[in-house]
Amino acid sequence: MTMIDIKSVENVQVLTLSSGPVNAQDVELLDELTSAVRELGRSDAGALVVTGAGRAFSAGVDLNRVVDGGTAYTDRLVPALSAAFEAMFSYPGPTVAAINGAAIAGGCVLACACDRRLIAPEAPIGAAEVRVGVPFPVAALEVMRYACGDHAEEVLLVGRNYRGPEAVARGLAHRVVADNLLEEAVAEASDLGGIPTDAYRQTKTQLRAPTMARIRAGGAIDDEVRQMWGADETQQRIAAYVERLRRRD
């Protein structure tokens, strides 16, 4: 089942996540996303807009799959998350996130891996991992550090969601777009795509080189993170969090 839709709009590729009601991230979606983004990068596809189908950008990891799959599943999930975030962060051309709805946890990281982020006024965005009780893979944490700068500690350790100007103030978005979000994102991507390709790629590579070096040196930390995700205590916390969400709904 295909969970990634890619369409050309003018000179921009629009990649839409389409996986259930909130575009939750599971291993299959992440693997498909990683393959699609890498292939677009290899083919010099140019500017890329990333958005979500329906009412959400991506509400993060599919926690039901985590609870049902246990350690065997999380051992696959953590590397899949890292690969997807790294692929988006290192995409050679311009990337613009059109944050049409909830961008939570892994959805927030995916948006923050893009060069520019446009957000709908009521769309919540935030890195909620610590409140769920799971640590960040290195790629996720470093993407957030790059995007949020001086606000990274607040965003990552407090774990709350932000909207509109609050999201912009913390580096989670660049501007709020009330109407025609996707069209505005395509226009911005098209403008960036008009910059000479080699100049954009080289500048982006230099800017992100220190972050990429930390990501690629983080194997030992990711091993520890993977073990923590699969630990019984973590699994129990996740199960309790999922149950709270069910009761709230």
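Helices (H or I, at least four residues) and strands (E, at least two) are DSSP runs, numbered from the N terminus. The structure shown is a predicted model, in which local features need pLDDT of at least 70, side-chain atom pairs count only at pLDDT 80 or more, and totals for chains, interfaces and linings use all residues. Residues are numbered from 1 along each chain as its sequence is written, and side-chain values use heavy atoms, with hydrogens and water left out.

**View 1. Helix α5 and the residue that follows it.** Helix α5 spans residues 138–148, and eight of its 11 residues are buried (under 20% relative accessible area, with exposed meaning over 50% and partly exposed in between; 1.4 Å probe, protein chains only), so the helix is largely enclosed by the rest of the structure. The buried residues are V138, A139, A140, E142, V143, M144, A147 and C148. They pack against α2 (63–89), α3, β7, α6 (152–158), α9 (197–216) and α10, where contact means heavy atoms within 4.5 Å. Just after α5, G149 takes a positive phi of about 55 degrees.

View 2. Six strands form an open sheet with mixed pairing, in the order β1-β2-β3-β5-β7-β9; two strands pair if DSSP finds at least two bridges between them. At the edges are β1 (4–9) and β9 (175–176), each of which pairs on one side only. Helix α8 (residues 181–193) packs on the sheet and touches β1, β2 (12–17), β3, β5, β7 (116–119) and β9. The direction of α8 makes about 170 degrees with that of β5; axes are lines fitted to C-alpha atoms, for helices over the stretch in contact, and angles run from 0 to 180 degrees between N-to-C directions. In the loop between β9 and α8 lies N180, which has a positive phi of about 55 degrees although it is not a glycine.

**View 3. Strand pairing within the sheet.** Strands of a sheet pair through backbone hydrogen bonds, either parallel or antiparallel. Strands β3 (residues 48–52) and β5 (residues 95–99) pair in the parallel sense over four bridges, and V49 stands opposite V96 in β5. The pairing of β1 with β2 is antiparallel and runs over six bridges, with V12 of β2 as the bridge partner of V9.

**View 4. The hairpin turn at E10.** Strands β1 and β2 form a hairpin with two residues between them. In the turn, E10 has a positive phi of about 55 degrees, although E10 is not a glycine. At 68% relative accessibility, E10 counts as exposed.

**View 5. The surroundings of D115.** D115 lies in the loop between α3 (106–112) and β7. With 12% relative accessibility, D115 counts as buried. Its side chain is joined to that of R208 by a polar contact of 3.0 Å; such a contact is a pair of N or O atoms within 3.5 Å, and within protein one must be able to donate a hydrogen and the other to accept it, while residues adjacent in sequence count only if both atoms are side-chain atoms. Not counting residues up to four places away in sequence, D115 touches G93, P94, T95, H174, Y200, K204 and R208.

**View 6. The packing of α10 and α11.** Helix α10 (residues 219–230) and helix α11 (residues 232–248) pack at an angle of about 60 degrees, with their axes 5 Å apart. The two helices are therefore oblique to each other (angles under 35 degrees count as roughly parallel, over 145 as roughly antiparallel, 65 to 115 as roughly perpendicular and the rest as oblique). M228, W229 and G230 of α10 meet D232, T234 and Q235 of α11 in this contact.
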